[in-house]
Amino acid sequence: MSETIDTEVLGEKIVKVIKTIYDPEIPVDIYELGLIYDVFVNEDYDVKILMTLTTPNCPVAETLPLEVEEKVKSINEIRDAEVEITFDPPWSQELMSEEAKLELGML
């Protein structure tokens, strides 16, 4: 008998970990910046994260996705994590949370 995944609790843990990752050029975490488009968890506790970068030639394009993967994999329940980068739709300031806009003096 397999146990049911509590996606809400696991989702909160994943978001909490993602909120510890910052774009080095912007003093706001990548979740509040709107760089995380979606998080999928399957029944085997494998996670797939769909994210973007502020620009296609972002200086952390190589390291940021790896950091997201490693930190999400550090959650006990997670078996594996994969990050997919997309630029569709392209990132824009409208994707930022109110909190991020406030932090950056945009409100």
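Which strands does α2 lie across, and at about what angle does it run to β3? Helix α2 lies across β2 and β3, and its direction makes an angle of about 155° with β3. Keep in mind that you're looking at a predicted model. Let's walk through the sheet, the helices, the core and a few charged pairs.

**The sheet**

- Three strands make up an open sheet, and their order is β1-β2-β3, with mixed pairing.
- β1 (36-41) and β3 are the edge strands, each with a single partner, so one side of each has no neighbour in the sheet.
- From one strand to the next, the twist averages 15°.
- So what does "mixed" look like here? β1 and β2 run antiparallel and are joined by five bridges, while β2 and β3 run parallel and are joined by six.
- In general, strands of a sheet pair through backbone hydrogen bonds, and they can do it parallel or antiparallel.
- If you want to find the pairings yourself, start with V41, whose bridge partner in β2 is V47.

**The nonpolar core**

- The largest nonpolar core holds 28 residues, and I14, I30, I49, M51, L64, V68 and V72 have the most contacts inside it.
- Helices α1 (7-18) and α2 (64-73) each give at least two residues to this core, and so do strands β2 (46-51) and β3 (80-85).
- The largest share, four residues, comes from α1.
- Which residues does V68 touch once you set aside its neighbours within four places in sequence? V68 is in contact with I21, I30, I49, M51 and V83.

**Charged pairs**

- K13 and E77 meet through their side chains in a salt bridge, at 2.3 Å from N to O. K13 is in helix α1 and E77 is in the loop between α2 and β3, so this pair links distant parts of the chain, 64 residues apart.
- E32 forms a salt bridge with K19, with their closest N and O atoms 2.8 Å apart. Both residues are in the loop between α1 and β1, 13 residues apart.
- E32 is buried, with a relative accessible area of 7%, whereas K19 is partly exposed at 30%.
- K48 and E84 form another salt bridge, and their closest N and O atoms are 2.7 Å apart. K48 lies in strand β2 and E84 in strand β3, so the pair ties together parts that are 36 residues apart in sequence.
- K48 counts as partly exposed at 31% relative accessibility, and E84 counts as partly exposed at 33%.

How values were computed. Residues are numbered from 1 along each chain as its sequence is written. This is a predicted model: local features need pLDDT of at least 70, side-chain atom pairs count only at pLDDT 80 or more; totals for chains, interfaces and linings use all residues. Side-chain values use heavy atoms; hydrogens and water are left out. A nonpolar core is a set of buried Ala, Val, Leu, Ile, Met, Phe, Trp, Tyr and Cys residues joined through side-chain atoms within 4.5 Å. Buried means under 20% relative accessible area, exposed over 50%, partly exposed in between (1.4 Å probe, protein chains only). Contact means heavy atoms within 4.5 Å. Two strands pair if DSSP finds at least two bridges between them. Axes are lines fitted to C-alpha atoms, for helices over the stretch in contact, and angles run from 0 to 180 degrees between N-to-C directions. A salt bridge is a side-chain nitrogen of Lys or Arg within 4 Å of a carboxyl oxygen of Asp or Glu.
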